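Morning, everyone. I have one structure to walk through today. Let me put it up on the screen.

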Amino acid sequence: RNAGEQDIVYIHINSEGGSLFTAVQFLRVLGETKATVVASVEGLCMSAATLIFMAAKNHEITNHSMFMFHNYSNKVEGKGGELLDHILHAHTWGEKLLRDVYASFLTEAEIQFIMNGKDLYMTSEEVTLRLQKRNEEIRRINSPEGVKKKRSTTKKAPISHRIGLTA
């Protein structure tokens, strides 16, 4: 978070995932840094690791790497009413997180697939192609022609490079 504009930060990812809330912390840190951040996948990028990967503006992917996107996992204890409250809140919270992070990368059908409890696997080639398409769309939207057209047709903000959200 404290790295400067002249710094380049490499995050080397080879992970089956980990703590969701640590990944959420990375979303904030990577969103705040002025440094150039490169997420470099070298094998596995699954679960919470995909959130960190998506938060980077720049990406490197080793051939034959494997990606897996899925809904969060959670444990909860308590009285019946507390369990229900937690489950309902976590479902809404989790769906918003998935949409915020993956909206410019996954299709609506894929997001629904994940929300229905399925794991979505992708190859390094599939992820590379999607990133190229997403980056082309971002460049188009942020080009002088795209900005001019956008101002005259909509009030939506441009897509952020950092975490795939509308800014």
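Start with a pair of side chains. Glu110 and Arg130 are joined, side chain to side chain, by a polar contact of 2.6 Å. A polar contact here is a pair of N or O atoms within 3.5 Å; within protein, one must be able to donate a hydrogen and the other to accept it, and residues adjacent in sequence count only if both atoms are side-chain atoms.

Before I go on, a word on what you are looking at. This is a predicted model, in which local features need pLDDT of at least 70 and side-chain atom pairs count only at pLDDT 80 or more, while totals for chains, interfaces and linings use all residues. Residues are numbered from 1 along each chain as its sequence is written, and side-chain values use heavy atoms, with hydrogens and water left out.

Back to Glu110. This residue is in helix H4. Helices (H or I, at least four residues) and strands (E, at least two) are DSSP runs, numbered from the N terminus. Is Glu110 buried or exposed? Glu110 counts as buried, because its relative accessibility is 15%. The cut-offs: buried is under 20% relative accessible area, exposed is over 50%, and partly exposed is in between, with a 1.4 Å probe and protein chains only. The Glu110 side chain also reaches the backbone nitrogen of Thr107, at 2.8 Å. Leave out residues up to four places away in sequence, and Glu110 touches Leu120, Met122 and Arg130. Contact means heavy atoms within 4.5 Å.

Now the overall layout. The chain has 6 helices and 5 strands. From the N terminus, the order is β-α-β-α-β-β-α-α-β-α-α. There are 167 residues, and 36% of them are buried. Take the contacts with a separation of 6 or more: 62% of them are between residues 24 or more positions apart.

Next, the core. A nonpolar core is a set of buried Ala, Val, Leu, Ile, Met, Phe, Trp, Tyr and Cys residues joined through side-chain atoms within 4.5 Å. The largest one has 33 residues. Which residues touch the most other members? Ile13 and Phe53 do. Helix H2, residues 48-55, gives this core its largest share, 7 residues. Look at Phe53 on the screen. Not counting residues up to four places away in sequence, Phe53 touches Ile13, Ala39, Val41, Cys45, His59, Ile61, Phe67, Val127 and Leu131.

On to helix packing. Two packed helices are described by the angle between their axes and the distance between the axes. Take helix H3, residues 80-102, and helix H4, residues 108-115: their axes come within 11 Å and cross at roughly 145°. Those axes are lines fitted to C-alpha atoms, for helices over the stretch in contact, and angles run from 0 to 180 degrees between N-to-C directions. From H3, the contact uses His91, Glu95, Leu98, Arg99 and Tyr102. From H4, it uses Glu108, Ile111, Gln112, Ile114 and Met115. By type, that is 5 nonpolar, 2 polar and 3 charged. For the record, Ala, Val, Leu, Ile, Met, Phe, Trp, Tyr, Cys and Pro count as nonpolar, Asp, Glu, Lys and Arg as charged, and the others, Gly among them, as polar.

H3 also holds Asp100. Its side chain makes a polar contact of 2.6 Å with the side chain of Lys96. Asp100 counts as partly exposed, because its relative accessibility is 26%.

Now the loops. Find the one between strand E3 (58-61) and strand E4 (66-69); Ser65 lies there. Ser65 is buried, because its relative accessible area is 4%. Its side chain reaches the backbone nitrogen of Gly43 at 3.1 Å. Leaving aside neighbours within four places in sequence, Ser65 is in contact with Val41, Glu42, Gly43, Met122, Thr123 and Ser124.

His64 sits in that E3 to E4 loop too. His64 counts as exposed, because its relative accessibility is 73%. Its phi is positive, about 70°, although His64 is not a glycine.

Another positive phi belongs to Ser47, near 55°. Ser47 is in the loop between strand E2 (36-46) and H2. Ser47 counts as buried, at 18% relative accessibility.

Last stop, Ser73, in the loop between E4 and H3. Ser73 counts as exposed, at 64% relative accessibility. How far apart are Ser73 and Ser47? They are 26 residues apart in sequence and 9.5 Å apart in space, C-alpha to C-alpha.
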